[in-house]
Amino acid sequence: MTIIIAGKNTLTLTSLAAAVLALGACGGNSDPFESKNTKPAYLGAVAIASYDGASDDLLTAGLGKTGLGGTAPAVADPLKPTPAELRRLAIFNNYRAILDISTNGGYGTLYGPNVDAKGVITTGEGKIAGTEYIAYSDDGTGRQNITMMVQVPASFNPANACIVTGTSSGSRGVYGAIGSAGEWGLKNGCAVAYTDKGTGTGIHDLQNNTVNVQNGVRTDAAAAGKNSIFTAELSASERAAFNAATPNRFAVKHAHSQQNPEKDWGKWTLQSVEFAYFVLNEKYGDLARDGATHLKKLTPSNTIVIASSVSNGAGAALAAAEQDTQGLISGVAVAEPEVQLAPDARLSVKRGASVLVGTGKPLYDYFTLANLLQPCAALVSPATNAFNTVNAATATNRCSALKANGLVTGTTTAEQAASALAALVAAGWQPESNVLQASHYSFATLSVGLTYANTYGRFSVKDNLCGFSFAATGAAASATPNAPVPASASALATSFGASNGVPPTIGINIVNNLSAGGPLLDAASLSAGGVQDYNIAGALCMRELATGSSANAVRVRQGMSEVVRSANLRGKPALIVQGRADTLLPVAFTGRPYYGMNKIVEGTASRLSYIEVTNAQHFDAFLAFPGYPERMVPLHRYFIQAMDMMYANLKTGAALPASQVVRTVPRGLTGAVANPIAASNVPPIKTTPAAADQITFANNVVTIAD
């Protein structure tokens, strides 16, 4: 049956009822036709692309399970990759950056595109048809340009509507969560709301003045204008002077945007949900009376929204839930969150005989401490460390420098190394992290610490904070070993698809401008007297920004104060999953205190459970490195289960698990090869854990089962 209204467009009674219901959910005017679907003002032009699920798709960019597990897809012209080629590279690299892509590690059996939403291993490639929408969120200046993306699978059912957030981890671009929240959401027929949260792949080549635009293609910065993902705020004369003094350098968005985007990670995540609602209502909403706009058919009253992701993206999900005043988010399920809390001495966290009072250390504090101590600590039983690439001679010099600065004790190198490792454990790293400290120093610590020093202090690239800069460097056997050189043109051209967002990446490295004799690759640089000690002066300078009183330290700590979270999830059901051996974002500084403060702040209204997994750490992709696979299990297995449990709770009211320690079983070795993973290695999260596995809260004390 239809109704004719004033000779205008026809509407079904069903669509009219939907409009009325949508209006009721918004609490608006009694005229149902005023509940129109409008694009949020902060969104720019929306690019739309549909994928057939065969030649190309949302999850694997047409590569399928086999392609994602193989070699990187080829680019016809490496100097001029197409947007489609860059997208394919981005999905390939970002998916693999999150997961262990090895059959023995669980790819294709525990997880992967061919494992369906129920955990059943299929013979298919796991390609998912659907439509992708991409736009910038900006304040009109073009300086923010937060990339937003919504993927709507063909299986999306508006009668069973769900949205999952997929804010990028680390400093990755907008596809950064494709292998975590993205895969889970798409497999379960949910729209996925992604954002790069203002830290994505924006690399400004200052020498040649080229940048990435939204589709990843590189172009001249002036020609890109406001379509640039990131252009450093330098005048032409400033850039010329900078290039003359320090040629062949780069600015990157997370470090040099001067926006401190972390303070708004929750905002950007909420905006991605609003973008998803706009997209879905344009696609599924009935036409309004004007015949040109759509009505709001999907609203928080009839749509499940799970705030999700891992690492930085997980921290953004928690921030979004805290800031959600519109009821956009139904529940939260995250893994290994980067989250920081205001100091609060009411809280204590106890594990065995160890008791830590307070809410843990801020990220920049513990990264600068690790940056000082990890190279020296790597000399404790170096042969037992997982993937140890720390140079013993250089690390020995670092130990001596630490002793000279009163930061370790001992007269021998062995004693100093033991002192450094003990200091890390005393600060809050779990003993299970000891064998991972060396590899984390080699691959992550300085990069993350330097990025956050710059972003918190809102420093410009021209500041060369603590004497550091970013540049490609000559090979050891070249005419200019370890010195800044022009970057590879093809690496830059494909940077959108290959970069992790911050150096070292695509051949762009961290350079010590203050090295004796001239700028050199930081790890190879020379301190006074020509000594290699992993640049103790730079490490001490970065540490002073966390603990000192200089003008730069004041700037950094102001930025740090802007990113603390409240732990008030507004009564939303929530699950946090974290590996006990997390060495990047230790549990003592993140998941544990967040759980405790949530209980203090929300009291009996708290619905947060904290799941700590033994023999698990931050980077599942590191499980391919020597020393990792036999010791560690994939945390991704538990991220998937947490998502399943949260969805079941929101859909059917199924009970959420109590806080607990999940005790896994390492795979071990047969000869020199890690054994294939089995279900017995990764037992499930229990709804009701045994008493010996419980994590409890009482009298402001979190007690972790040892």
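Domain bounds here come from an automatic or database domain assignment. On that basis the chain splits into domain 1 (43-201 + 260-335), domain 2 (348-361 + 563-704) and domain 3 (363-560).

A word on the source. This is a predicted model, where local features need pLDDT of at least 70, side-chain atom pairs count only at pLDDT 80 or more, and totals for chains, interfaces and linings use all residues. Residues are numbered from 1 along each chain as its sequence is written, and side-chain values use heavy atoms, with hydrogens and water left out.

Let's take domain 2 against domain 3. Their centres, taken over C-alpha atoms, are 29 Å apart. Contact means heavy atoms within 4.5 Å. By that rule, 26 residues of domain 2 touch 27 residues of domain 3.

How much area do domain 2 and domain 3 bury between them? About 2100 Å², with 65% of it on carbon and sulfur atoms. Buried area is the accessible area (1.4 Å probe) that two parts lose on being put together, summed over both. On the domain 2 side, Lys361, Thr583 and Leu584 supply 29% of the area buried against domain 3, more than any other three residues.

Now the polar side. A salt bridge needs a side-chain nitrogen of Lys or Arg within 4 Å of a carboxyl oxygen of Asp or Glu. Across this interface of domain 2 and domain 3 there is 1 salt bridge. There are also 11 residue pairs in polar contact, both residues at pLDDT 80 or more. That term means a pair of N or O atoms within 3.5 Å; within protein, one must be able to donate a hydrogen and the other to accept it, and residues adjacent in sequence count only if both atoms are side-chain atoms.

Over the whole structure, the count is 17 salt bridges. Glu132 and Arg87 form one of them, at 3.0 Å, N to O. Glu132 sits in strand E4 (residues 130-137) and Arg87 in helix H3 (residues 83-98), 45 residues apart. Helices (H or I, at least four residues) and strands (E, at least two) are DSSP runs, numbered from the N terminus.

Next, aromatics. Rings of Phe, Tyr and Trp (its six-membered ring) pair if their centres lie within 6.5 Å; planes under 30 degrees apart count as stacked, over 60 as edge-to-face and the rest as tilted. The search finds 19 aromatic pairs. Phe387 and Phe443 have ring centres 5.5 Å apart and planes at 10 degrees, so this pair is stacked.

Last, the backbone. Pro503 and Pro504 are joined by a cis peptide bond, omega about 0 degrees. Pro504 lies in the loop between helix H15 (495-498) and strand E18 (508-512).
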